[in-house]
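Hello,

Here is the structure I promised to pass on. Please open it alongside this note. My findings follow below.

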Amino acid sequence: MDSVILRTATRFLYPLLILLSLVVLYRGHNLPGGGFIGGLIAASAVMLRALAVGWDEIKASRILKPIALMQYGLIIACVSSLIGLAVNNVLFQAVWLPTWYLPVIGKLKLGTPIVFDIGVYMVVLGFALLCAKSLDSNNN
Amino acid sequence: MLPFILIFLLIGSIVPVLLKDKSNFMGRGLVILPALASFVCLCIAGGEVLSSGQSLIWTREWVPSFGLTIGLHLNGLALLMGLLITGIGTLIVTYALGYMGGKSGTMRLCSLLYLFMFAMTGIVLSNHLIILFIFWELTSVSSYLLIGFDHEKASARRSALQALVVTGLGGLALLAGLILLNQMTGTWMLSDLLTGDYQVAGHPLYTGCLILVLLGAFTKSAQFPFHFWLPNAMAAPTPVSAYLHSATMVKAGVFLLLVMQPVLGGTSEWSHSLMIAGGVTISIALVYGLRQADLKKILAATTLAVLGILTFLIGIDTKYSILAALVFLLGHALYKATLFMTAGAVDHSTGTRDIRLLGQLKKTMPLTTPAALLAAFSMMGLPLFFGFLGKEYVYKSVVGGSWLTIAVLLIGNATMMVLAARAGVIPYFRKSIGDLPKKPHEMGLLMTAGPLLLATLGLVIGCFPGLVGPLISFAYTGIVAGAEPYTLSLWHGVNLPLILSLVTFALGFTLMKVLRPAAAGKKVNESTFADTVYEHVFKFVLMVARWSTQSLQTGRLRSYVIIILVSSCGLILWKLVRFGGWPTFEGIGQLNPFITILLVAMTIATLFAVLSKSRLTAVVSLGVVGYGVSMIYAKYSAPDLAITQVLVETLTVVLFAWVVRRLPRYRKLSTGFERFMDTGLALIMGGVMTVLMLKSQGLLFGPKISDKLTQMSYPEGHGANVVNVILVDFRALDTFGEVCVLAIAALGVWALVDKVTTKGK
């Protein structure tokens, strides 16, 4: 599949979609969204890019390594659970930092659930990518 | 002090791993040192215990919510057993270094020996029953690794697995037994059980508890009908046999019986089962032993017989018989470890263990010969040796009892004399008969020091029983309620036990003349009837497993789906019919127009998917169904679900678009009948799910959990989106499990597809 329109559109859409997935990831705690949905959006973005320019470019990427993504995602989720154990002596108990106020974004609340969600995001993205990549490698 | 004894042994299991197999003098010293340190530690603690007359107790919390503590205690029995384990253990590790002689695996063997020593010391020191069980299982596991040490040999692997299966099953029974014991007495602490007065004999759980505990003890101590694994365990290297299968591990069962006897003993069930199992084991073992020609098999048979005698003595269940068991146990550990070590030396030196070939080794092995001779004399129970004392006390404890018990022990001891002569005297003194595979030579100091030391010890404490008297007496008063301290002495005057001893000698020497080992070169039947039974049961279990696996795991996706659907349908229907009653069909008429249109569209799409002749059409139709579902979610205000559903549907279709080109042409692979059946199953499943949905609508539960979670979401979870708060906070552990599953599934897909691809190339 080689389409100039798709390629050009993807060049703009891809970063936007990734940004969207990150926004959805962050806002998930209060509005629809979260790591699962964010990860799926990111996966759709990567697949769009794969459709437009092929897998080679994605394989060359240093960030989009599916197995590494899943690995580090699981490690991050695990570590976030251990923070609760270290602070409150209860595994997976949420630990929140004091709320910060930033310009533009407004209230910024950070805590282990968000870290955990980042882990979920990475595993879901890695999962979708690994499946897609394996199925596609059949083509070559 | 107590934990250090264990910690040293644990260090000991790590040290050898860090060293090379061919170590110099320093390296070997480092390997031996931890066992020695542990032994010294125990001696110091033992001195404290003996002088104060109080047992040491050390306790640390482990899981307080379960009442689980790491409790250790050192009483007389633990001290006696512990000294044997660490003392003989030190000598065995030394011996093992010489035996392996720097071959590859030397350090692996030492490390495993230490692991075992740790487990075994743990058993005797542990105060909490559950801790005792954990160490108990650890001995099974480490003995599995040790028996199967020569894992290239099929026979070693089989024997190791057999020992593990038998003792592992016994271990499970023991766990259940210990739990029942706790139910009856309300305590987990051995120190309480030994000193307290618990009336358990009439308790409804008593019989069950007794059977389970005895199963544990009998499998470990190889009592009838589980005796068959012990001779097979001789597949292990000789240091292992000397340590595990004579001096220590098999004594674990006896140890358990000794500490359980104050609580569970005193009933006729206890006495009868122990005496019968012990008596039968003695007879089987000795008949088996007389037929054997292999030095190690003969020794294994006598070990079985001794374990039988010990069980028998504990079964007699008088104060005196327990004392006799303790004396006998000590004597046996000393001479049997020696005999095994000398047997290993002979094997090493001549290349054979067949007693029909061996002879005249006294000329070539001047250090091993006296050790073997002294140990054999102690085993025969000749005066001035500790074995004599053991036998005297055995007879003393049965005098006045039934003639049958006396006869069993008399014949048993006489036959043991024959076997002792075959194992410890004949190979060294008889005229040489056959040509040996190797030219005999004496072993180095590493392999001779241990046996010589132990054998001499047997003679010294036999002459001066006062040396170990306080130890035995303390062990005895610790486990027998109301026992008075007892002073061991050599000479009790002319009495019935002495006469019985003399009769034993006469009978033993006669049997030595009468019974001759089988002729050289003849094949000896080394398996027993029970072993054959085990083999058949084992094969049967494997057969059932194979059959059930093959009939369930067909490898066809269709049959897996059928099994899953039919069983879940069946279970739901059974539940509905049996308990719930059918749901009512109220409120079905009131459908929302939006939903109705969606449903109609989804139904049409489903029909398209089923009837389509093209894969792409089918997938797109399924996608339509999925989008329809997500619309329904959105309609009923579940935006998170709706978004997820839309994304998943999209990704599925995209993924499929990649694959579809690779797939072969669309063909019909199933027969018309199969499709008809599948249609029926699908309709039934759909119907059942519908009924279930309707049913859940009509059910009234208590306060909904979702309400509570919604309330808690903002104040406690700091989030307004309750779905997400549940996912990442309230039920984060579940989510963590799910993402793990995702990762594993992805790896599975990758491996599967990758394999297919490489195969294609």
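Asp317(B) sits in the loop between helix H13 (295-316) and helix H14 (319-350) of chain B. This residue is not a glycine, yet its phi is positive, at about 65°. Bear in mind that this is a predicted model.

Pro225(B) lies between helix H8 (206-220) and helix H9 (229-232).

Next, a helix pair in chain B. The axes of helix H26 (residues 615-635) and helix H27 (639-660) of chain B come within 8 Å. They cross at roughly 170°. An angle over 145 degrees counts as roughly antiparallel, so that is how H26(B) and H27(B) run relative to each other.

Which residues of H26(B) and H27(B) meet? On the H26(B) side they include Leu616(B), Val619(B), Leu622(B), Gly623(B), Gly626(B) and Tyr633(B). On the H27(B) side, Leu641(B), Ala642(B), Val646(B), Val653(B) and Phe656(B) are among them. Arg615(B) in H26(B) and Glu649(B) in H27(B) also take part. By class, this contact has 13 nonpolar, five polar and two charged residues.

Now chain A. It has five helices and two strands. Along the sequence the pattern is α-α-α-α-β-β-α. Its C-alpha atoms fill a box of roughly 55 × 35 × 25 Å, taken along the principal axes.

Finally, the interface. What do chain B and chain A bury between them? The figure is about 3,800 Å², and 74% of that is on carbon and sulfur atoms. The contact draws 39 residues from chain B and 44 residues from chain A. Zero salt bridges are counted between the two chains. Two residue pairs are in polar contact across the interface, both at pLDDT 80 or more.

Which helices of chain B each supply at least two residues to the side that touches chain A? They are H27 (639-660), H29 (705-717), H30 (722-730) and H31 (732-760). H31(B) gives the most, with 15 residues. By class, that side of chain B has 27 nonpolar, eight polar and four charged residues.

Best wishes

Methods. Residues numbered from 1 in each chain as written. Chains lettered and ligands numbered in written order. Predicted model: local features only at pLDDT ≥ 70, side-chain atom pairs only at ≥ 80, totals over all residues. Heavy atoms only, no water. Contact = heavy atoms within 4.5 Å. Buried area = accessible area lost by both parts, 1.4 Å probe. Salt bridge = Lys/Arg side-chain N within 4 Å of Asp/Glu carboxyl O. Polar contact = N/O pair within 3.5 Å; in protein donor to acceptor, adjacent residues only side chain to side chain. Helix = DSSP H or I, 4+ residues; strand = E, 2+ residues; numbered from the N terminus. Nonpolar A, V, L, I, M, F, W, Y, C, P; charged D, E, K, R; others polar. Axes fitted to C-alpha atoms, helices over the stretch in contact; angles between N-to-C directions. Parallel < 35°, antiparallel > 145°, perpendicular 65-115°, else oblique.
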